[in-house]
Amino acid sequence: FLVGMRGKDEAMAIGGHWSPSLDGADPEKDPAVLIKTAIRCCKALTGIDLSLCTQWYRFAEIRYHRPEETHKGRTVPAHVETVVLFLPDVWHCLPTRSEWEVLSRGLREQLAEKLSAERKEADGEQEEEEKDEDESKDVSIPTHWAKLDPKSMKVNDLRKELDCRSLSSKGLKSQLIARLTKQLKVEEQVEESKEPEKPESKVPEEEEQPRSEDDREEDERKKQEELERQRRERRYILPDEPIILVHPNWAAKNGKFDCSVMSLSVLLDYRLEDNKEHSFEVSLFAELFNEMLQRDFGYRIYKALAALPAKDEKKEKKVKKEVEKKELEKREIKKEKEEESDEPAAKKTKEDEEEKKCDEKMIKKEESRDEEDNEDEGSTANAEEYDPMEAEDADDDDDDDKDEDDSYDRDRKDRRDERRPSKERSSKDKEKKQMVTHNKELLMAFVYFDQSHCGYLLERDLEEILYTLGLHLSRAQIKKLLNKPVVRETCYYRKLTDRGKDDPVPSTNEAEIENLIGNRGLIPSLTARSQSEASGSGNLIVYNGAMVDVGSMMQKLEKSEKAREEIEQKLMLQDAKKEENAKVKLQLEQANNTLSRELEEVRETLRQTEETLRAAEEKKTLYHELIRKSANSLTGTVKGLMEVLDKDQEVDESAAGAAGDHVQTNGSDK
């Protein structure tokens, strides 16, 4: 609920006083007058326009009897002040999807503009700070005494060094030189008096401390900036789904007005000290709304219980007879054990008492189990669903087993195993089954009353719920209703709301349910006046307890028609774009086909060239081999020829030598 806040903890209903000039003359005859007041005041306080609401529920009416009083010098006679609480149907105030997109886009643009302006300001400030820091560094850092000679320095330099040392820079040059010389001597003496290790160890410590503080300040500043950025994004970035935006008027109620969203449980958790009128009105509304929900959810539970079939009494009698037979068998077994045992009488009596207690517990547990089985068989609730009572009985059995003897444990377990093989199988089947909630409305009704979420309601709680429905049911009727689902004064409502995943969902017809309106038909009641007449203004009609504004409904209809026309135009544009895209797609497919064909042709030519290349390579290797062989043969023949030529040359030379000798001999003879 959207609630106004006056101060810190004072809740108030959003509204204001009726104005005859702004809203209308007679609110008693014309119900539209107070609705106009609500629309006007709500828009002034929260910025929400409720004029589009088609249904207004007149939820409560409070009358204050004001005594005669004096206000600002004039006497106000005794009168009755009426406060009317309306509950409007605000779902029609939600913006459409297109309006929401335009609004979110505009807010994002505003956020981007603010961020860019802040960045520019931050950059300018940073530049100025850097300049100031540079200047301050130049001014604040004094020069070391060993590097200075005051007599050779200028006046400006002297004044600068004196300012850095926080000394007076006024006076003549001679005064400045004397002042600076005296300070430099002091610095020299201080530096000589200190040990050489101390300044080395102290300086980094002094430097580290401001660094760590600066780092902390920087981290805090970054955290603050991040928080501020997140807050700003929350204000300017809207969610995807359309919602109602609230803009509280901070100037209203003397500057103390604010808005808050509260749940019903928070509104019901009021204090007795909140006795002011505006807080009382909100608390009263919360109580009335809670009573309305209790009545609606209680009636839903009543219909579900009335739709359940009644238990079979014959089966219950059979179960009782079987239990009695089992008791007789157990007693006989006990007698046999007593006769066989030779233990002292005192021990026997103690063991007999323990066995009796255990037998009584077992009988009670068996009765409860049999009742649960019969209830599951005879009701429309899920018969094969998990049974929390079996788990409780198993826990009780475990607790009892710890206190009993081992021999009795074995006998009892053997009997239980013989008696319950089918139940164990059914429990295993239940564990395997996946349960699904088929009646969520009924589950919501039970959970509303089960505030601890323990999974069950007690019988006395259900009785109180049924008594307060106003159906005038008798105690016998309520007992008969509660006998169907209640086991051991407890109703596990999951058995009524859940069902197996594959099981069919039962269909309940309200016409078939008996006694749907309880005993109200037997009690005479006054004939209610028909409230379907139109109001004096003609715009409001009362329909199903709500005042329906026909004018706002017509406005809503016109708005929806305009939205429908816009959607139709957008659909037509989308269809045209779709056709264009189809044409482009067809062209692209044709181009793709031609390119694929060209690609196939290129691949074919590539394959052919590869084959010719392969053949050429083979021929190349063949020719290379032939050339190599012919080269080898030619080299052999050339060698042979050269040898032959060499031999011939030698023969010729030898023949020529012999002929020369012969000619010479002939000459000598001559």
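1. Two strands pair if DSSP finds at least two bridges between them. Strand β3 (residues 55-66) and strand β13 (residues 546-549) meet this condition, pairing in the antiparallel sense over two bridges. Gln55 has Val548 in β13 as its bridge partner. Helices (H or I, at least four residues) and strands (E, at least two) are DSSP runs, numbered from the N terminus.

2. The model is a predicted one, in which local features need pLDDT of at least 70 and side-chain atom pairs count only at pLDDT 80 or more, while totals for chains, interfaces and linings use all residues. Residues are numbered from 1 along each chain as its sequence is written, and side-chain values use heavy atoms, with hydrogens and water left out.

3. The pair β3 and β13 belongs to an open sheet of four strands, ordered β6-β3-β13-β12 with antiparallel pairing. The edges are formed by β6 (79-88) and β12 (540-543); each has a single partner strand, so one side of each is left without a neighbour in the sheet. On average, neighbouring strands of this sheet are turned by 40° against each other, direction ignored.

4. Helix α1 (residues 32-46) packs on this sheet and touches β3, β6, β12 and β13 (contact means heavy atoms within 4.5 Å). The direction of α1 makes about 95° with that of β3; such angles run from 0 to 180 degrees between N-to-C directions, with axes fitted to C-alpha atoms, for helices over the stretch in contact. Helix α8 lies across β3 and β6 and runs at about 135° to β3.

5. Which helix does α8 (residues 277-307) pack against at an angle of about 125°? The partner is α14 (residues 440-449), and the two axes are 9 Å apart. The two helices are therefore oblique to each other (angles under 35 degrees count as roughly parallel, over 145 as roughly antiparallel, 65 to 115 as roughly perpendicular and the rest as oblique). Among the residues that meet are Leu293, Phe297 and Ile301 in α8 and Leu442, Phe446 and Phe449 in α14.

6. The UniProt annotation "domain: SAP", from an unreviewed entry, covers residues 150-184; such annotations may be inferred rather than shown by experiment. The end C-alpha atoms of residues 150-184 lie 9 Å apart, and the span is 63% helix and 0% strand.

7. Helix α3 (residues 155-164) packs with helix α4 (residues 173-193) at an angle of about 40°, their axes being 10 Å apart. Consequently, α3 and α4 are oblique to each other. Their contact involves Val155, Leu158, Arg159, Glu161 and Leu162 of α3 with Lys173, Leu176, Ile177, Arg179 and Leu180 of α4.
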